Amino acid sequence: MSDLMSHPATLRSLQTIVPGTELRQEDVRDVFAAQPDLGRLAKRLVTASFNGSGIDTRYTVLDELSFSSTTESPQFFDRESGTLLSPGTKARNEIYVREAWKLYVDAARQSLESDPHITAADITHVITVSCTGFYAPGPDYEIVRALGLADSVERYHFGFMGCYASMPALRAAARFCAADPDAVVLVVSVELCTLHLRTSEDPDMIVATSLFADGAAAGLVTARTFDSAVPSLALDGFHTGIIPGGKKDMSWTIGDEGFEMVLSTAVPQLIGDHIFDALRPLYASDTALAAAFEDGTIGDQVAHWAVHPGGRSILDRVEDRLQLSEQQLRPAREVLRQYGNMSSATVLFVLRRILEEEGARDGDRVAAMAFGPGLTAEAALMTVIAPA
């Protein structure tokens, strides 16, 4: 059921970063389409998926995927032959261990430094989020040591949940704040999805290959009042829903050659068919919002929509079914275009864009939603708090 909070915590100091290697979508398309082991149908699917993705650029920690790289012993891409390689899961995870901690620490540090009145001594909890790699002691430990946080800081990791995981992480942070009015929770998501991309004739794998990218985001959740006037979001309420019949259409498992994503072409239709049932409880306790949701005018009541851009067709379906405007879906489409699908970090990119680039005003309502394995739909209702 929905979880509306009478004295909500706020999400503030939201920061996002991407690794340094930029991939142009048409270049990646041409490489995948040229693989010698692909049949004619698979080559057509690669071209169609990449061209219809709504993505211009993506970012990766894998420097060797850049056409300007000079890697002597490539693991993923032999530039001389143009052949994509497929290292084992251990090798892929070793790169995660080597690269992810830097993004965790950088994103966390940027979030903390962007808020002049919150210091390392204020942080009481750290929540890390990722589904693209594992190690221990993990990124939560790295953040505590690198930022000089107290050893007593409570640490939690939301692992292997998929694209929706930042939403329950924010909900957990809000619950910590409800239990402890002095809590300041640092939430950090890092996803290195490109570590698991590989050539395949499987249509679901081809769709995933055309979408996923690397990125990181971090923010502070607290119910405390600080003197610094920074744009923030009151976390008014959350709801978790399961879209029936979608278990086989979106899943995330561990294989011998990396983690394996199933993202079927049926997902947009499933979301479209069931989005009302999945979201209705979030608005049920607010009479005006509940009425607007039922009569198709929720877009008039809720100005901003942070929809996880799992793909262009998902955004199209949400826009159509909820009767939202092109402008309301622009933040999600622009994040998709510039960065691709960075799994759990992506919705935080969209929220930051709404706060900083979409003219959000104090008191504006924000609806956030993300979809992941299950098929699980995580949704939240927020309110913009803008500096005077």
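Visitor: Is serine 343 buried or exposed?

Guide: Buried means under 20% relative accessible area, exposed over 50%, and partly exposed in between, with a 1.4 Å probe and protein chains only. Serine 343 is buried, at a relative accessible area of 2%. Its phi is positive, about 50 degrees, although serine 343 is not a glycine. This is a predicted model, in which local features need pLDDT of at least 70, side-chain atom pairs count only at pLDDT 80 or more, and totals for chains, interfaces and linings use all residues. Residues are numbered from 1 along each chain as its sequence is written, and side-chain values use heavy atoms, leaving out hydrogens and water.

Visitor: Where is serine 343 placed?

Guide: Helices (H or I, at least four residues) and strands (E, at least two) are DSSP runs, numbered from the N terminus. Serine 343 sits in the loop between H11 and H12.

Visitor: How are H11 and H12 arranged?

Guide: Two packed helices are described by the angle between their axes and the distance between the axes. Axes are lines fitted to C-alpha atoms, for helices over the stretch in contact, and angles run from 0 to 180 degrees between N-to-C directions. Here the axes of H11 (residues 326–339) and H12 (residues 346–357) come within 9 Å and cross at roughly 120 degrees.

Visitor: Which residues does cysteine 163 touch?

Guide: Contact means heavy atoms within 4.5 Å. Not counting residues up to four places away in sequence, cysteine 163 touches several residues, among them His308, Asn341 and Ser343. Cysteine 163 is also buried, with a relative accessible area of 6%.
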